[in-house]
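Here are my notes on this model, as numbered points. Please read them with the structure open.

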Amino acid sequence: MPEEYDYDLVVVGGGPAGSSAAFTAAKNGIKVALIEKENSIAETVRTSGVTWIESIKEFGIPDNCYNPIKNFSFVSPNNEVTISDSIATAAVLDVRKTYRWLANEAKVEGADIFVKININEVIKNENNDIVGISGTGPNGKIIFHSKIVIDATGFTSTISKAMGFVTQWKRFGAGAEYEAVVEKADPDTWWLMVGQEYTPAGYAWIFPLGNNIVRIGVGVGKPESDVDPTQRLKEIIEKQLGPIKKLGKITPIEFHYGLIPNDGLSRKTVFNNLILVGDSAGQANPLVLEGIRYAIKFGRVAGKVASDAIKNKKTDKDALYPYEEEWRSAIESKINSAGKVQDRWIGLSDKEWDKELDIIKELKTDEFLDFIKADFGLSNILKLAMNHPKLAVRQLFNLVKGK
Ligand SMILES: Cc1cc2nc3c(=O)[nH]c(=O)nc-3n(C[C@H](O)[C@H](O)[C@H](O)COP(=O)(O)OP(=O)(O)OC[C@H]3O[C@@H](n4cnc5c(N)ncnc54)[C@H](O)[C@@H]3O)c2cc1C
């Protein structure tokens, strides 16, 4: 006989989206299960973990979970720019610590966490709506019945795929990185490296964690390029390209690999008894392929909306729609604008990248940060599109303006 459970809400996937949904739902007083297929939360790291101090504070993430960043350096084949702030605005997360903290927040509120359970099937009622899920765990088959399921399985979107609602993402980023001990690293400064030698479609990076530990990585846009990011990462380290040389001896301690959707906000994210959140919903800023803060923010919204719906005994797509409405109104136009800038960046030659860095040099710190965060509309960026004396600058910011 399979093990069998009844919950109000089942959240599949113990990443930042799933843990955050389980947290607000449990806090709202319903019975929640959070299910993760790995042996522990964040056993495998698939992300570089850069995010923003403002979001960290909003979520209450503890200070010992991140290294603050003040300086943002870009390098292209023949150009370089550093934008500095007097206080730290960005951060590189200790991903394992942060994700485990998020899951523990859910547990403290009363969510039950199940690990080593790989969910691979959905249970449907007579109307073909989801009413549970099943998978395999250490004791064989395991079944969870629930009023709502949240698909927080990340890139694979396992639940939504099993329901037949989505297919594999067609456009996505593939990234490989080493976490490494190096001889010398400035803990306040990140590096983004662009141009053909680093990667033909995307960027390479050095993100410091403090104590002479850095993450060195390469991201490649698919299907634009068929370059293997792992191979390219080894090559740029071997050649000691650009700022990598300054790190001195590099001793890898952990390898990370992952995929992130880059198909825009193309998916419907609510169905009867089902919500998609985080990477399974495609909630990522395409400019720098960052999704952690959206996963946490909209995970929390998903958990609240789902638990309210369960309490109100109405869990169809209309009852869950406030979730989709809230996340779309927060980021849809920004992500669409960021997509236009990304389309321009993906096509740049090395020479054009050198010129693009000249444009970035024109930005004040807050303008640069709003730009890279896709927080268009907050600063003077729209004015730059109208009034800047240089045509190239106006052209770049006109892309953003066209929202
Ligand atoms: C190379 C790379 C670098 C990145 N760098 C950054 C960055 O610097 N900053 C940033 O903000 N974002 C970054 N991202 C994006 C970021 O990692 C994601 O947006 C974020 O992790 C999404 O969170 P999530 O909870 O939706 O999915 P995930 O973090 O992928 O979590 C999904 C969880 O579900 C579990 N799971 C999957 N299937 C099942 C199943 N069938 N049964 C049970 N459990 C299952 C997985 O094991 C996993 O724990 C990067 C992505 C990549 C690939």
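**Notes on the model**

1. Leu-259 lies in strand β16 (residues 250-261). Helices (H or I, at least four residues) and strands (E, at least two) are DSSP runs, numbered from the N terminus. This is a predicted model: local features need pLDDT of at least 70, side-chain atom pairs count only at pLDDT 80 or more, and totals for chains, interfaces and linings use all residues. Residues are numbered from 1 along each chain as its sequence is written, and side-chain values use heavy atoms, with hydrogens and water left out.

2. Leu-259 is partly exposed, at 33% relative accessibility. Buried means under 20% relative accessible area, exposed over 50%, and partly exposed in between (1.4 Å probe, protein chains only). Tyr-257 is also in β16. Its relative accessible area is 36%, so Tyr-257 is partly exposed. Tyr-257 and Tyr-178 are 79 residues apart in sequence, yet 8.9 Å apart in space, C-alpha to C-alpha.

3. Phe-255, Tyr-257 and Leu-259 make a nonpolar surface patch of about 250 Å². Such patches take residues with over 30% relative accessible area and no salt bridge; nonpolar side chains (Val, Leu, Ile, Met, Phe, Trp, Tyr) are joined within 5 Å, like charges within 9 Å. Areas come from the Shrake-Rupley method with a 1.4 Å probe; for residues, only the protein chains shown count as cover.

4. How many salt bridges does the whole structure hold? The search finds 21. The criterion is a side-chain nitrogen of Lys or Arg within 4 Å of a carboxyl oxygen of Asp or Glu.

5. Lys-147 and Asp-8 form a salt bridge at 2.7 Å, N to O. This pair links distant parts of the chain, 139 residues apart: Lys-147 is in strand β11 (residues 140-151), Asp-8 in strand β1 (residues 3-12). Lys-147 is partly exposed at 43% relative accessibility. Asp-8 is buried at 17%.

6. Glu-290 and Arg-293 also meet in a salt bridge (2.5 Å, N to O). Is Glu-290 buried or exposed? Glu-290 counts as buried, because its relative accessibility is 8%. Arg-293 is buried as well, with a relative accessible area of 8%.

7. Lys-334 pairs with Asp-375 in a salt bridge, the closest N and O atoms being 3.3 Å apart. Lys-334 is in helix α7, and Asp-375 is in the loop between α9 and α10 (381-387). Both residues, Lys-334 and Asp-375, are buried.

8. Helix α9 (residues 365-372) is largely enclosed by the rest of the structure, because 6 of its 8 residues are buried. Among them are Phe-368, Leu-369 and Phe-371. Just after α9, Ala-374 has a positive phi of about 60°.
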